[in-house]
Amino acid sequence: MARKNRAGAPEVNAGSMADIAFLLLIFFLVTTTIQTDQGINRKLPPIDETQTDPPPIKEKNIFTVLINKNDQLLVEDVPMDLKDLREAAIAFLDNGGDGSCSYCKGAGDIASSDNPDKAIISLQNDSETSYEAYISVQNELVAAYYFLRDRECKARYGKTFRELEAMFDDPRTRDAQRERIEPLIKDIQTLFPQKLSEAEPKR
């Protein structure tokens, strides 16, 4: 209610303004969502105490990917564009060079990887490599694994690997259905294990 001061000018009663501002602050705190950074989904392998010496790895089973400080790619000692990296990684993982992989559909080149279980992708970057290039290369290599897992999962179980993963992670999926899906996911992961090794960056 407006009152007149000694000089006769009206005053505005602002006592309730603080309450309104406080209510608005609470409203925005409750309704605002805060984005959290998910990061890169990577996990160190479990410690194997029974194994003392690392198993021998044939050079042909290692697919080397280098990123220099100018974000340029060197794949198997050959310069390559990022757009060609996924296809090259798929060809390497799916090669089936020793004939032991019955589900591989690659060229069967004896100079390339023996089978997906022995194939390792080795990624090394420079300390001055940009994060954009690093993440882009990671995406292409992971996409190569997902392409092969989707293909094999679709052929065996009628659904892609990503569809099965989404069903497994969906909170609406019943426990009984989740128990049926889990061994299928593990089966595909065994067929195309994601062996992506990251060497320390060059100084």
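Mentor: Let's begin with a rule for angles: under 35 degrees counts as roughly parallel, over 145 as roughly antiparallel, 65 to 115 as roughly perpendicular, and the rest as oblique. The model you are looking at is a predicted one, where local features need pLDDT of at least 70 and side-chain atom pairs count only at pLDDT 80 or more, while totals for chains, interfaces and linings use all residues. Residues are numbered from 1 along each chain as its sequence is written, and side-chain values use heavy atoms, with hydrogens and water left out.

Trainee: Why are helix 3 and helix 4 called roughly perpendicular to each other?

Mentor: Their axes cross at roughly 85° and come within 7 Å. Axes here are lines fitted to C-alpha atoms, for helices over the stretch in contact, with angles from 0 to 180 degrees between N-to-C directions. The crossing angle belongs to the 65 to 115 class, and helix 3 and helix 4 are therefore roughly perpendicular.

Trainee: Which residues make that contact?

Mentor: Contact means heavy atoms within 4.5 Å. Helix 3 brings Tyr146, Phe147, Arg149, Asp150 and Cys153, and helix 4 brings Phe161, Arg162, Leu164 and Glu165. By class there are five nonpolar, no polar and four charged residues; Ala, Val, Leu, Ile, Met, Phe, Trp, Tyr, Cys and Pro count as nonpolar, Asp, Glu, Lys and Arg as charged, and the others, Gly among them, as polar.

Trainee: What makes helix 3 oblique to helix 5?

Mentor: Helix 3 (residues 131–157) packs against helix 5 (residues 175–191) at an angle of about 130°, their axes 10 Å apart. That value makes the pair oblique. Arg149, Glu152, Cys153, Arg156 and Tyr157 of helix 3 meet Leu184, Asp187, Ile188, Gln189 and Leu191 of helix 5. Those residues divide into five nonpolar, one polar and four charged.

Trainee: Which hand has the crossing of helix 4 and helix 5?

Mentor: Helix 4 passes helix 5 in a left-handed crossing. Helix 4 (residues 161–169) packs on helix 5 at about 145°, with the axes 9 Å apart. The residues of this contact divide into eight nonpolar, two polar and three charged.

Trainee: Why do strand 5 and strand 7 count as edges of the sheet?

Mentor: Strands, like helices, are DSSP runs numbered from the N terminus (E, at least two residues, for strands; H or I, at least four, for helices). Two strands pair if DSSP finds at least two bridges between them. The open sheet has five strands in the order 5-4-3-6-7, with mixed pairing. Strand 5 (78–80) and strand 7 (196–198) each have a single partner strand, so one side of each lacks a neighbour in the sheet. From one strand to the next the twist averages 25°.

Trainee: How do you know that strand 6 and strand 7 pair?

Mentor: They are joined over three bridges, in the parallel sense, and the cut-off is at least two. Leu123, for example, has Glu198 in strand 7 as its bridge partner.

Trainee: Which strands does helix 3 lie across?

Mentor: Helix 3 lies across strand 3, strand 4, strand 6 and strand 7, running at about 175° to strand 6.

Trainee: How confident is the predictor on average for the protein?

Mentor: The mean pLDDT, the predictor's confidence on a scale from 0 to 100, is 86.

Technical notes
Left-handed = near helix turned anticlockwise from the far one by under 90°.
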